[in-house]
Amino acid sequence: MSTAAAPVRSGAVLADLLPAARHRYAVDAALVLGGAALTGIAAQIAVPVPGSPVPVTGQTFAALLIGTALGARRCFLSLALYALVGMAGMPWFAEASSGWSMPSLGYVFGMLLAATVVGALARRGGDRSVLRTAGTMVLGSAIIYAIGVPYLALSTGMSPSAAVAAGLTPFLIGDALKAALAMGLLPATWKLLGRRG
């Protein structure tokens, strides 16, 4: 007797595997709220970087994982909720900060766009193999920096090169480690579920 699982339809993300039949909207709402909360919790895993107003956090990793797991629409709503509630005063940005005036707020906006793009790529199989996951995570990280670093320069008056030195260079090794973790975690999850696409 064969125990192989039937492949998931093309375009599925991990959240689509949850049974939801009659309660899809409730499940989606819980996923959106859970993604925002997970990002807020991961943001509290923060290590200050000497000479930079931007700490190393777990929030970028959480945002990119949420993107792959939830897909573009749900993760956009989740990260938009995270950003709006944090700007309104909830202390769940990095180091329990909140508000509009942080020099690192550009990274939050970058995560919103990056997670949405990563979610769209996941629907196209961007999280099903090690190489695809690597490309997906690198692109997501690049989007975060493409918004976060210029915002950092504008909000602090730093020169572009100083903003790169303070807001990009110190984080590259950590991002490589996060990408390596995702490269192992996501394809393994799909393989464990027996549903490679």
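Helices (H or I, at least four residues) are DSSP runs, numbered from the N terminus. D175, for instance, lies in helix α7. The model is predicted, so that local features need pLDDT of at least 70 and side-chain atom pairs count only at pLDDT 80 or more, whereas totals for chains, interfaces and linings use all residues. Residues are numbered from 1 along each chain as its sequence is written, and side-chain values use heavy atoms, with hydrogens and water left out.

**View 1. Helices α1 and α2.** Helix α1 (residues 24-43) packs with helix α2 (residues 59-70) at an angle of about 160 degrees, and their axes are 8 Å apart. Axes are lines fitted to C-alpha atoms, for helices over the stretch in contact, and angles run from 0 to 180 degrees between N-to-C directions. Angles under 35 degrees count as roughly parallel, over 145 as roughly antiparallel, 65 to 115 as roughly perpendicular and the rest as oblique. The helices α1 and α2 are therefore roughly antiparallel to each other. The crossing in which α1 passes α2 is right-handed; the term applies if the near helix is turned clockwise from the far one by less than a right angle, and left-handed applies if anticlockwise. From α1, the residues L31, G35, L38, T39, A42 and A43 make the contact, and from α2 the residues Q59, A62, A63, I66 and L70. Contact means heavy atoms within 4.5 Å. Sorted by class, this contact of α1 with α2 has eight nonpolar, three polar and no charged residues. Here Ala, Val, Leu, Ile, Met, Phe, Trp, Tyr, Cys and Pro count as nonpolar, Asp, Glu, Lys and Arg as charged, and the others, Gly among them, as polar.

**View 2. Residue L38 in helix α1.** L38 lies in helix α1. L38 has a relative accessibility of 45% and therefore counts as partly exposed. Buried means under 20% relative accessible area, exposed means over 50%, and partly exposed lies in between (1.4 Å probe, protein chains only). Not counting residues up to four places away in sequence, L38 touches A62 and I66. L38 and S97 are 59 residues apart along the chain, and their C-alpha atoms are separated by 16 Å.

**View 3. Helices α2 and α3.** The angle between α2 and α3 is about 150 degrees, and their axes are 7 Å apart. These two helices, α2 and α3, are therefore roughly antiparallel to each other, and their crossing is right-handed. In α2, Q59, A63, I66, G67 and L70 meet A72, R74, C75, S78, L79 and Y82 of α3. By class, the contact of α2 with α3 has seven nonpolar, three polar and one charged residues.

**View 4. Residue S78 in helix α3.** S78 is found in helix α3. Its relative accessibility is 0%, so S78 counts as buried. Leaving out residues up to four places away in sequence, S78 touches L31, V32, G35, A36, I66 and L70. S78 and T39 are 39 residues apart in sequence, and their C-alpha to C-alpha distance is 9.0 Å.

View 5. Helix α2 packs with helix α7 (residues 172-192) at an angle of about 30 degrees, with axes 11 Å apart. This angle makes α2 roughly parallel to α7. The crossing of α2 and α7 is right-handed. T60, F61, L65 and T68 of α2 meet D175, K178, L181, A182, L185 and L186 of α7. By class, the contact of α2 with α7 has six nonpolar, two polar and two charged residues. D175 has a relative accessible area of 14% and is therefore buried. Apart from neighbours within four places in sequence, D175 is in contact with T60, S141 and Y145.

**View 6. Aromatic pairs.** Rings of Phe, Tyr and Trp (its six-membered ring) pair if their centres lie within 6.5 Å; planes under 30 degrees apart count as stacked, over 60 as edge-to-face and the rest as tilted. By this rule there are four aromatic pairs. The ring centres of Y82 and F93 are 5.3 Å apart and the planes lie at 75 degrees, so this pair is edge-to-face. Y82 lies in helix α3 (residues 72-87) and F93 in the loop between α3 and α4 (105-122), so the pair ties together parts that are 11 residues apart in sequence. Both Y82 and F93 are buried. Y107 and Y145 form an edge-to-face pair, 6.3 Å centre to centre with 85 degrees between the planes. Y107 lies in helix α4 and Y145 in helix α5 (residues 130-156), so this pair ties together parts that are 38 residues apart in sequence. Y107 and Y145 are both buried. Ring pairs also link Y82, W92 and F93 into a cluster.
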